[in-house]
Amino acid sequence: MRLNLRFGSIQVDKDIILNGHHRYLASRLANFPVDQVPGIKTAAKELIEWQNVELVEDDWDTEAKIRYLNKEDARYNDMSLEELLAKLDTIN
């Protein structure tokens with residue numbers, strides 16, 4: 001987000017995030033606005049207050065998943081994977 005890449009919108013219902021929790025938190029940390037679109041709240045969605053969320057630094061993604069997500073981000077931003085990786089290298 002600090003590189004001004006585009007990200008998908010988060011889905012919300014009133015003040016409840018239904019999809020896009022990671023993007024929301026990343027946008028707050030990077031001071032980067034993320035678009036919000038209406039979503040549909042179902043009975044399967046459990047309301048959890050933010051003060052009850054524990055952030056951990058464990059990386060749950062495998063190298064294969066990170067490669068896949070990088071390819072998807074590059075495609076979404078109309079750039080090659082190499083261009084995206086070069087941009088990412090500037091912040092690491």
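Reader: In which loop is Asp-78 found?

Author: This is a predicted model, in which local features need pLDDT of at least 70 and side-chain atom pairs count only at pLDDT 80 or more, whereas totals for chains, interfaces and linings use all residues. Residues are numbered from 1 along each chain as its sequence is written, and side-chain values use heavy atoms, with hydrogens and water left out. Helices (H or I, at least four residues) and strands (E, at least two) are DSSP runs, numbered from the N terminus. In these terms, Asp-78 is found in the loop between helix 2 and helix 3.

Reader: Is Asp-78 buried or exposed?

Author: Buried means under 20% relative accessible area, exposed means over 50%, and partly exposed lies in between, using a 1.4 Å probe and protein chains only. Because the relative accessibility of Asp-78 is 70%, this residue counts as exposed.

Reader: What pattern does the protein follow along the sequence?

Author: The protein has three helices and three strands. Read along the sequence, these elements follow the pattern β-β-α-β-α-α.

Reader: How many residues lie between strand 1 and strand 2 in their hairpin?

Author: Two strands pair if DSSP finds at least two bridges between them. Strand 1 (residues 10–13) and strand 2 (residues 16–19) are paired in the antiparallel sense over three bridges, and Asp-13 has Ile-16 as its bridge partner in strand 2. Between the two strands of the hairpin, the number of residues is two.

Reader: Over the face of which residue does Arg-6 lie?

Author: A charge sits over a ring if NZ of Lys or CZ of Arg is within 6 Å of the ring centre and within 35 degrees of the ring normal. Arg-6 is at 4.7 Å from the ring centre, and the residue over whose face it lies is Tyr-76.

Reader: Leaving aside neighbours within four places in sequence, with which residues is Phe-7 in contact?

Author: Phe-7 is in the segment before strand 1, and it is partly exposed because its relative accessible area is 27%. The C-alpha atoms of Phe-7 and Arg-23 are separated by 7.9 Å, although the two residues are 16 apart along the chain. Contact means heavy atoms within 4.5 Å. With those neighbours set aside, the residues in contact with Phe-7 are Met-1, Arg-23 and Tyr-76.

Reader: What is the relative accessible area of Asn-70?

Author: Asn-70 lies in helix 2 (residues 63–76). Not counting residues up to four places away in sequence, Asn-70 touches Leu-81, Leu-84, Leu-85 and Leu-88. Asn-70 is described as buried because its relative accessible area is 17%.

Reader: Which residues lie nearest the centre of the largest pocket?

Author: On a 1 Å grid over the protein atoms alone, a pocket is an open set of points where a 1.4 Å probe fits, with protein on both sides within 12 Å along at least five of seven lines; lining residues have an atom within 4 Å of a point. The largest pocket is lined by 49 residues, and those nearest its centre are His-21, His-22, Arg-23, Ala-26 and Asp-61.
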